[in-house]
Amino acid sequence: MNRYDYLIAGGGVIGCSIAYRLAKSGLSVAVFDAGSAGTASRAAGGMLGAQNEFEFENPLMDIAIESRAMFAGLQEELLEESGIDIELRQAGLLKVAASENDLPALLEQYGFLNGKDASVQWLEPHEVPLAEPCMSDKTAGAIYLEKDTQVKAPLLAKAFLLSAVNAGVHVYEQTPVQQLVVENGQVCGAKTSIGTIQANRVINAAGAWSGDLFKETGFTPPVIPVKGECISIKLNGEAPLKTVFAVDGCYIVPKRNKEMLIGATSYPNSFDTSVTAGGIRSLLNRAAHLLPVLNEGTIERTWSGIRPQARDQLPVIGAHPFVSGLYLCTGHYRNGILLSPATGLLMERFLTGCPETAKRLAPFSPARFLTQKEEATV
Ligand SMILES: Cc1cc2nc3c(=O)[nH]c(=O)nc-3n(C[C@H](O)[C@H](O)[C@H](O)COP(=O)(O)OP(=O)(O)OC[C@H]3O[C@@H](n4cnc5c(N)ncnc54)[C@H](O)[C@@H]3O)c2cc1C
């Protein structure tokens, strides 16, 4: 290929979802990943917590709900395109107050969510084990979110990647993008470890690394890495079906074959990928308090991943303020799996000039981080 329409830096769920949609609309696309595609994406719990994640009005919530609804169709589409089943499970989510201290915050969230959707239910402590028989009756109450579902994140990442390849995208793994090539304020490609690649447009979808990429452009999105550790436990006997999410952020996501994915710790500003004994001990203590049956399980594996978090915890999606043809799509923080289908579609529409989509994406524009002095120069 002499010149691509799009070069995407980053082959996680975000980069590959965009690449897939662009290729499907007939554009030529190359994805470069510094390592194996999808660093955070392969580590994620896979929760599609479009209600669980919101406690008050947020410009992202409508997109999150729309994205969650896309998964039923996406499961079939990706199966057809890639042969991979993303293991969508629709058993709902219990958001739990582990103790009385967590109750006020949870009741407030319940008021907010139930005001928008009457299917959101409040469960008293004795009702919690009725909804999920493996749950302890020693909680202080829970919200039942029947519409919050889950997928197996590594399978979703692989399915997006393979579907993109099958749609004609060229994927280069272990090939970092090193520097942007700009002429007269316009992108014309990027330098990579295999040489300079020509492209009409470039998208920075490098997740937690996106803040450092293209520093030379004079604008770096304030995206930091947030390390998270996880452990999976295999149960043999009785096993829960619903996802359980504690107010303190510890969660248990039941996968197929009674595999319980327990996450996740949170260490801001850390690219360290080690898994600490203290982190895993804390997860196990909190998880077994909610689901005592976990004590009977066997440990399968532990791992960690790096979430991309913007300063205001919203994604950063849109045009670079100073360089024509350069775009950012990053900062999906704890919800990149959930948001990946909608992000791919919205980016494709935005890049092909849809004015309504540009309006919807305005709250996530990179320009919101410009200083007054920088704004004056745009
Ligand atoms: C422990 C954990 C649990 C999570 N649980 C959930 C969950 O339950 N639900 C949910 O919705 N989200 C969850 N998330 C968040 C979700 O995983 C992320 O928001 C999402 O994966 C971000 O996708 P991405 O494509 O932006 O980043 P990544 O998947 O990290 O992909 C970015 C890619 O860019 C590459 N890269 C870096 N530098 C360069 C370069 N110079 N050139 C080329 N490529 C480069 C990296 O190698 C990487 O593969 C979780 C995250 C973690 C860590």
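Reader: What covers the buried residues of helix H1?

Author: In this predicted model, the cover over the buried residues of H1 includes strand S1 (4–9), strand S2 (29–32), helix H5 (153–166), strand S11 (195–204), strand S19 and helix H7 (336–351). A residue counts as part of such a cover when its C-beta atom lies within 7 Å of the other residue's C-beta atom.

Reader: Why is H1 called largely enclosed by the rest of the structure?

Author: A residue is called buried if 20 or more other C-beta atoms lie within 10 Å of its own, and eleven of the twelve residues of H1 are buried, so the helix is largely enclosed. The buried residues are Val-13, Ile-14, Gly-15, Cys-16, Ser-17, Ile-18, Ala-19, Tyr-20, Arg-21, Leu-22 and Ala-23.

Reader: How do you know that the reach of H1 is close to the expected one?

Author: The expected span is 1.5 Å times one less than the number of residues; for H1, with twelve residues (13–24), the expected value is 16 Å, and the helix reaches 16 Å from its first C-alpha to its last. Just after H1, Gly-26 takes a positive phi of about 95°.

Reader: What makes Ser-67 buried rather than exposed?

Author: Ser-67, which is found in helix H2 (residues 61–82), has 24 other C-beta atoms within 10 Å, and since the cut-off for a buried residue is 20 or more, Ser-67 is therefore buried. Leaving aside neighbours within four places in sequence, Ser-67 is in contact with Ala-50, Leu-338, Leu-339, Pro-341 and Ala-342. The C-alpha atoms of Ser-67 and Leu-345 are separated by 9.6 Å, although these residues are 278 residues apart along the chain.

Reader: How do you know that S9 and S10 pair, and in which sense do they run?

Author: At least two bridges are needed for two strands to pair, and six join S9 (residues 177–183) to S10 (residues 186–192), so the strands pair, and they run antiparallel. The bridge partner of Val-182 in S10 is Val-187. S9 and S10 form a hairpin with two residues between them, and Asn-184 in the turn has a positive phi of about 50°. S10 is also joined by four bridges to S11, again in the antiparallel sense, with Gln-198 in S11 as the bridge partner of Gly-189, and a hairpin of two residues links S10 to S11.

Reader: What makes S18 and S19 a pair?

Author: S18 (residues 316–319) and S19 (residues 326–330) share four bridges in the antiparallel sense, which meets the requirement of at least two. Ile-317 stands opposite Cys-329 in S19, and the hairpin of these strands has six residues between them, with a positive phi of about 85° at Gly-325 in the turn.

Methods: Residues numbered from 1 in each chain as written. Predicted model: local features only at pLDDT ≥ 70, side-chain atom pairs only at ≥ 80, totals over all residues. Contact = placed C-beta atoms within 7 Å.
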